[in-house]
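Colleague: Hi, could we go through the salt bridges together? Please show me the model.

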Amino acid sequence: MRKRTLSIVIGLLVCAIAVQTAGSHESSPHRSSIHAKLGIHGIRPDGILGFVQNAVDGGTRFSVVKAVDDMSYLAAVKAASPDSITVGRFTHEHEGAGLVNDPQTDLEWYAAVIMSVILDKIDQQPELASVVDYWEPVNEPLGGGTSAAVYAQLARLMIRCMDIADQHG
């Protein structure tokens with residue numbers, strides 16, 4: 001079995017949609033291939049798998065599929081669209097990384113708290129390691145008007161999160 005590195009996504013995912021068409025659907029008996037630069041951001045899996053399968057059957061390939069909290073459909077997404085990159089995120093008390101606003105926060109401890117959410121889920125559901133390519137440990141941290149010093153603190157926190165991810169392979 002291939003060992004997979006526990007990867008995490010840092011920062012914002014900035015994606016655009018690009019569509020390539022080989023010709024009109026009306027004038028061609030063959031569907032064109034549509035290559036989306038952005039896939040799906042699923043907060044709840046309701047209808048996502050059917051949408052993915054229909055799109056794949058129609059020639060669409062999703063670059064990214066992101067699941068929040070419920071990762072149950074990602075194995076099926078990988079089966080339907082094996083080249084899709086999957087990103088997983090679990091909501092939790094510290095997902096906004098608010099404690100980086102306090103310069104006294106112990107970043108080693110805080111990184112362990114944040115990463116424990118992911119690592120505990122992987123312990124409970126080992127199959128997650130094979131269906132999630134990247135993990136997003138925090139979501140929309142900080143906000144407008146935040147000082148550069150706090151963003152530097154956030155960067156140091158994310159480095160510690162990556163160190164923990166590396167330790168767990």
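Modeller: Lys-66, Arg-89, Glu-95 and Glu-136 are linked in a network of salt bridges. A salt bridge here is a side-chain nitrogen of Lys or Arg within 4 Å of a carboxyl oxygen of Asp or Glu. This is a predicted model, where local features need pLDDT of at least 70, side-chain atom pairs count only at pLDDT 80 or more, and totals for chains, interfaces and linings use all residues. Residues are numbered from 1 along each chain as its sequence is written, and side-chain values use heavy atoms, with hydrogens and water left out.

Colleague: How many salt bridges does the rule give?

Modeller: The count comes to 5.

Colleague: How far apart are the closest N and O atoms of Lys-66 and Glu-136?

Modeller: They are 2.3 Å apart. Lys-66 is in strand β4 (residues 64–68) and Glu-136 in the loop between β6 (134–135) and α5 (148–167), 70 residues apart. Helices (H or I, at least four residues) and strands (E, at least two) are DSSP runs, numbered from the N terminus.

Colleague: Are Lys-66 and Glu-136 buried or exposed?

Modeller: Both are buried, meaning under 20% relative accessible area, with exposed over 50% and partly exposed in between (1.4 Å probe, protein chains only).

Colleague: New topic: which residue does Asp-133 pair with?

Modeller: Asp-133 forms a salt bridge with Lys-78, closest N and O atoms 2.6 Å apart. Both Asp-133 and Lys-78 are buried.

Colleague: And what does Glu-108 bridge to?

Modeller: Arg-160, at 2.9 Å between the closest N and O atoms. Glu-108 lies in helix α3 (residues 107–124) and Arg-160 in helix α5, so the pair ties together parts 52 residues apart in sequence.
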